[in-house]
Amino acid sequence: MKVLSVYLGILFFLSTVTSDLWSPWSPWSTCSRTCNGGASYRTRRCIKNQHIVYGCRAEDVQYKLCNAQECILDDPDFRAVQCSSFNNQPYSGRFLKWIPYHDSTSPCALYCQAVGSNIIHRFADKVLDGTRCRNGSKDMCIDGKCWHVGCDNVLGSKIEMDNCGVCGGNNSCISPTFAKFQWKQSGFGECSSTCGVGYRRTRVVCNNRVTGKQVSNKRCMRERRPQTYTQTCQIQECGESFRYDWVYGRWSKCSCSVKFTRRARRCVKFYTNSSQTYVNETFCNTLTPEARRLCDRKFCPVWHVGHWSPCSVSCGDGVQRRGVVCQHFGREFCDLKTKPITVQSCNTTPCLVQRDLQEVVIGESDSESIKRIPPQNITDKEPRPRYMAREWQSCSVTCGRGRKWRYVKCQVYVPNTGKMSELPDEECPGLKPLTSSPCVIKDCVEQFEYRSVGMTSCSRSCLGGVQQTIIRCVNVYNGSTVDDKYCSNAKLVPIERRVCNDINCPQRWKIGDFGMCSVSCGGGIMHRDVECIQEFAARYRHVIHLPDNMCEQPIPTRNRKCNKIDCHSEWMTGAWSQCSVTCGSGYQSRDVYCIKKNAKGHYINITSDLCDSNKQPIDVQNCNQTVCPKPKLRSLDVQFFQLDKLKRVKLTIGMSAVILPGTTILIKCPTRGIQIQDIKWLKNGTFITYSGRIKLTRKRFLKIKNAIPEFDSGTYSCKAGSLQSTSSVTFSSVYDIIKATMRREKYLSGLQPLNLVARSVPTKQIDPVSRRYRPLYLVQSEWRSCSASCGGGLQSRNVSCEIITRDYYEVFPVRYCTRAGHSAPMLIQSCNTFPCVEWQRGNWSECSSKECVRDKVALQRREVSCISNGQIMNDTDHCDRLGTVPPSEKECSNSDCKAVWTASKWTRCLGECGTNGFKTRTLNCVWSKTKLHAGRHCASVKRPKTIKMCKMGSCLDRCADKSEYCSVVKIMKFCKFTNFRRNCCLSCQDS
C-alpha cells in the first residue's frame, strides 16, 4: 500500500508540473507615500507550460491602501509635486512652471497647466500610484484606474460615513431632539499686544456636529452661547523684536542603493533688521520637521523566487531547485550578489541496503515476488535443485531510469564432483527470481534542458501579428527532442513574444457565399455579397468599405442564374372586386387563370384542363360580414366667439356660438348610419318653419341668413329618430369683444410664445370653422390670491385650450392641447409655504461695569430669536421678510465705567556708578472697577510719570580692569571716554 501511495504521488507531481501554475505572491512593495494615503502592491507570475494554451486565469497583481495617517507637517499636494518635476524644462522653446489641472474625463492622467497661461499639457497617461482622483475625495489612482476608497480606508470598499459622522453607521444619533449645530470653545484669540502685558479672550464658534466644520454663527441658538473669558498675556518683553523658525535644505537624491534620503535642519533666530543666527533646536517650539525618510523604491529592481521543486530522489541525498527572476524597470538590474539561491540539497530518509540477490525499486517491482534466498545447506543428505542468482550488473543508464540484469539458473549440488550442475528451470520448485529490474540512478537534471528551437508562424499576415519562441526539452549531449517530463526540474527558459508582419493590409475582395435561388423553377437568381475592403486595425470589424474600382479587377460575380427549367402548371388569381355592400353581408368576385412559367421566366396562359381542378381557387366569396354601425350624431364640444365681421360662420352641431349681428350662420349635423333625409331641425324645442332667410341646404345644413339678435338667438337642435344634439347661438356686445380681444392680444402679436413643440404639425388642430390646421394655445389667467398669508395655502387659475385668430377664437377642452403636445397645465398650486414667523425679544441684561464701552457708558444685551409656532428657528432667513432685526444691544449709563491709569513697579536704578541714574515703569489704561483693559479711553486722564531720577552707588568698591587691552588705554589717552573709563577703571584711576 505504501508503494502504491508513493507511485500515485509521483504521477500527481508529473501531472501538475505540465500545467500552468502561479508562483507565490511577492512581498508587499514599499508604500508610494509616507502619509496621507499611498498604494502598495504585490505580484506573482504565471509559470508557463509550452503545451497549455489557456494560461493562468486570475489577477497577477494586487493593491492595498497604506500609510493612511495624516501628515504631521503641511505635505504638498501629490499631484502638484508631479507637475513641478517638469518645471524649468524646455517646452516649445520656453521654460515654464506647472501646476495641476484636473480633467474630469481622465482623472488619473497627469494634466498640468502652465502658470500664468492657458497652456494645458498631458505629461503622462498615468499619475503615480496613491494620487487622489480629485480634490476633496479619498478615491485613489492606481495603475491609471480610479479606485473608490471607503471611509474605512479600504480600496474598493462601499462603506460610507453616515450623517452622525460614524463610518458605516446607521444615523442612530439623529433623533427629534438632536441638535446638528452647537457652540464650541476654540481656545483663546491673539494677544492684544505684541510685546509687554496684554489680554486675550476665548473664541466661541458655531460647529456642525456631523461634519466637524465651522459654520455661520446664525445656525447656533444664541441663548446657548457660552460666556467668554479674558486673561492677561505677554508674548515677549518690549525691546528688540525677533522670532524663531526652522530652516531646512533640499532632500538628498534617492537611488536603488540608498534606503533613506536626508536633509539639513537648523533652528534659526530671525531679527527685524534681517539678520539671523543659529540657535539650539529647543528654541523652535513648532513641530520638528522631518530630516530623514524612506526613499520610494517602488521602481527598483527586485528578485522574485518561485516554489522549491520536490526532491530529486526518493531516498538518500538529492537536490531541489526553484526559479529566480529579476523584475526590473528600465536599464537598472538586480545585484547578482544578492541573488537568492536556486539549488539546495535535500536529505530524505536513508536508502535501505539490499543484501538480496536483486535490487528493489519502489513502485516498479512486485514486492510479493521478491524473497530472500536462504543459503543452501550442503550437509543435506539428498541435494535438491534450486535457483541460483549472481550479482546484478550495473544499470543501463548513468542517470534517470534504466534497467539492470543478472544471471539466474536452476542448479543442483553434485556431491561426487563437489560442483554445481545446471538443470532445466522446470526442475526447480517455486518461482524463478527476476532476471531484470528497473533501476534509478539519479534524476538527469543536467542531461536535459529547455531550449529555444525557433519561432512560431506569425498569427496575422498584416497589421501586426504575434509570434513566440518554441521551447522544447532536449538532450544536452545529442540535441534530440525528448518528452517534457525529463525537463521537470530543468531551468525554465523565458518565452519571447514579438510583433511580426507589422505592415498595412492591401485592398481585397470580401466574398460571401451564394444564397438560395430566388425561385425553384422558371429561371431565378442567386446572390452573394462582394465588397471591396481594407483592414486598418487588428480588431473585429475594423475595416474600411471602399469603391469597387479600388480593388483588383474584374469584380467577382455577385449574381448567378439558377433553376432554368419550366415550372409545372398552376392557378393564378386576379384581385378581388369591391364588396357589393358597405356593411352587412355582401359578395365580391375575381378572375381565375391556368398559367405556366417557362424557363425564361415568362408566364403563358394554357387551358384549364392542364391545371389540377381539385386545387382551383374560388372566384366568388362573401364580404363585409360585420354588423352595420349604430346611428350616431357627431357633435363637437367647442365654444365659438366672433371678434370681427365675417360674411359667413360655419358651425357644427354641439358648438355654442357668440355671433355679431348680420352674420350668416351655417350649422351642419354630421351623422353615421342615418339617412340624410331623416334629419330634422328644431329651435327652442319647436320644429323650424323655413322661409327665405331660414332654410335647409342640399346637404341638410341649417342656414340663417343675416342673423338678427331679436329673432335668431336661442337653442338649435338636430334630430334624427331618437338621436338629438343642440347648439346655442347668442350675440355679443362691444364690451365683450373688447374684453376678449385685450386678453388674447399677446397671442396675436407674438408676445406670448408657443410651446416649444407647438410649431410642428402634430401640435395643431383642424379649425372646425375654416377647416384649416391652426396652432393651439394654452390661455392662462393670472393666479388668484393665496388662501393664506403664511404657513401654506392654495391658489387657482383658469386655463383654456384655444384657436385664436383676428376674427374669432374657439375654446376646446384642455385635453385637446395636452394630446397635441402641450404640457399639462397646473390649475391649483401651493403658495406662501414659508412658516409663519415673528421676532421674540428677551429682557435687557443688567447695565454691568464688565461691558464698559466709554466713560460712564456700558452695554446692555438681550436675546432676539426668530420663532415659529412657539419654536425657535435655527435658520433666521425666514425672518428676513419681517424687516429690520430688533437690536440686541444698547448703551446704558453706568458711573462705574471710569478709565484710570495703573502703573507697574519701578525698575532698579539704571546708569553708571558714581553718577545720577533713572528708574522706569509701564502704564496700562483699565476700567477702575473691573481692571479690564480700557484701550484709549484714558486719553483725557492725566498720565502718571513713567521715569524718575535716582543716585547710583560709588565706583571705588568695584574699580577693576575688565579688558586685556587696559594697559595701553592710558598711553593712548582713551581714559577721557566714558566706555574706556568704565571698563579700565583701575588703569584710568589716576588720569
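Visitor: How many residues does the largest nonpolar core have, and which have the most contacts inside it?

Guide: Happy to show you. This is a predicted model, with residues numbered from 1 along each chain as its sequence is written; local features need pLDDT of at least 70, side-chain atom pairs count only at pLDDT 80 or more, and totals for chains, interfaces and linings use all residues. Side-chain values use heavy atoms, leaving out hydrogens and water.

The largest nonpolar core has 36 residues. A nonpolar core is a set of buried Ala, Val, Leu, Ile, Met, Phe, Trp, Tyr and Cys residues joined through side-chain atoms within 4.5 Å, where buried means under 20% relative accessible area, with a 1.4 Å probe and protein chains only. Phe640, Leu651, Ile659, Ile665, Ile667 and Trp681 have the most contacts inside this core. Take Ile665: beyond its neighbours within four places in sequence, Ile665 is in contact (heavy atoms within 4.5 Å) with Val649, Leu651, Ile659, Leu702, Lys703, Ile704, Ala707 and Val729.

Helices (H or I, at least four residues) and strands (E, at least two) are DSSP runs, numbered from the N terminus. In α4, Ile737, Ala740, Arg744 and Tyr747 are the buried residues, and they pack against β45 (639-642), β58 (777-780), β60 (799-804) and β61 (808-812).

Methods:
Buried means under 20% relative accessible area, exposed over 50%, partly exposed in between (1.4 Å probe, protein chains only).
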